[in-house]
Amino acid sequence: MELIYDNELDSWKSKLEIHNNHYINITLETEYKQAIQIYKLKNQILSKIRETIKQEINIQFYTANKLLDLYNNSWNQNEKVDYETFIQQMKLEEVIFNLDENSLQFWYNDGDLFLGHAIVVDINADGLFQDVQIVG
């Protein structure tokens, strides 16, 4: 994984293949600006991201548990969906890793469930779900 510093966004960027030809963006946020510090931690960071992605089905179920009723009661445009359909609509696009807090954010394309807004799931340093929200 090659990390490239983005001056405009003040973060480190990369891409990671998680499934056959499904690449996601990786963003690393930290106060560390020196490349040598980041590159020393790169393998640990990548390992944590990959381990969490292996548990993605849990993230998707958590998200569906939090947002399915909201969708079916407010956003559905007279077409309710079940858990399976809701989860199938979500597509992981980016993982943001905050090195200073050791926390993650999973950013999903909503598959037009919420009119193109992103679904963001926050996971703390202990791997516990903190929040899910619709943004954008």
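Threonine 30 touches Trp12, Ile38, Leu99 and Asp100, leaving out residues up to four places away in sequence; contact here means heavy atoms within 4.5 Å. Threonine 30 sits in the loop between strand 3 and helix 1. Helices (H or I, at least four residues) and strands (E, at least two) are DSSP runs, numbered from the N terminus. At 7% relative accessibility, threonine 30 counts as buried, where buried means under 20% relative accessible area, exposed over 50% and partly exposed in between, with a 1.4 Å probe and protein chains only. Its side chain also makes a polar contact of 3.0 Å with the side chain of aspartate 100. A polar contact is a pair of N or O atoms within 3.5 Å; within protein, one must be able to donate a hydrogen and the other to accept it, and residues adjacent in sequence count only if both atoms are side-chain atoms.

A quick word on the model. This is a predicted model, in which local features need pLDDT of at least 70 and side-chain atom pairs count only at pLDDT 80 or more, while totals for chains, interfaces and linings use all residues. Residues are numbered from 1 along each chain as its sequence is written, and side-chain values use heavy atoms, with hydrogens and water left out.

Seven strands make an open sheet in the order 1-2-3-4-5-6-7, with mixed pairing; two strands pair if DSSP finds at least two bridges between them. Strand 1 (4-6) and strand 7 (129-135) are the edge strands, each pairing on one side only. On average, neighbouring strands are turned by 25° against each other, direction ignored. Axes are lines fitted to C-alpha atoms, for helices over the stretch in contact, and angles run from 0 to 180 degrees between N-to-C directions.

Strand 3 (residues 22-29) and strand 4 (residues 91-98) run parallel and pair over five bridges. Isoleucine 26 has valine 95 in strand 4 as its bridge partner. Helix 2 (residues 56-75) packs on this sheet and touches strand 2 (11-19), strand 4, strand 5 (103-109), strand 6 (118-123) and strand 7. The direction of helix 2 makes about 55° with that of strand 7.

Isoleucine 119 belongs to strand 6 and is buried, with a relative accessible area of 0%. Leaving aside neighbours within four places in sequence, isoleucine 119 is in contact with Thr63, Leu67, Met90, Phe106, Trp107, Tyr108, Asp110, Phe114, Val132 and Gln133. Lysine 80 is 39 residues from isoleucine 119 along the chain, and their C-alpha atoms are separated by 18 Å.

**Aromatic pairs**

On to the rings. The structure holds five aromatic pairs. Rings of Phe, Tyr and Trp (its six-membered ring) pair if their centres lie within 6.5 Å; planes under 30 degrees apart count as stacked, over 60 as edge-to-face and the rest as tilted. Two of the pairs are set out here.

| Pair | Centre to centre | Angle between planes | Type |
|---|---|---|---|
| Tyrosine 62 and phenylalanine 129 | 4.3 Å | 15° | stacked |
| Phenylalanine 86 and phenylalanine 114 | 6.2 Å | 75° | edge-to-face |

Tyrosine 62 lies in helix 2 and phenylalanine 129 in strand 7, so their pair ties together parts that are 67 residues apart in sequence. Tyrosine 62 counts as buried at 16% relative accessibility, whereas phenylalanine 129 is partly exposed at 29%.

The other pair also links distant parts of the chain: phenylalanine 86 is in helix 3 (residues 83-89) and phenylalanine 114 is in the loop between strand 5 and strand 6, 28 residues apart. Phenylalanine 86 is buried, with a relative accessible area of 0%, and phenylalanine 114 counts as buried at 0% too. Ring pairs join Tyr71, Trp75, Phe86 and Phe114 into a cluster.

**The core**

Phenylalanine 86 turns up again in the largest nonpolar core: of its 35 residues, Ile49, Ile53, Phe86, Val95 and Phe106 touch the most other members. Such a core is a set of buried Ala, Val, Leu, Ile, Met, Phe, Trp, Tyr and Cys residues joined through side-chain atoms within 4.5 Å. Helix 2 gives the largest share, six residues.
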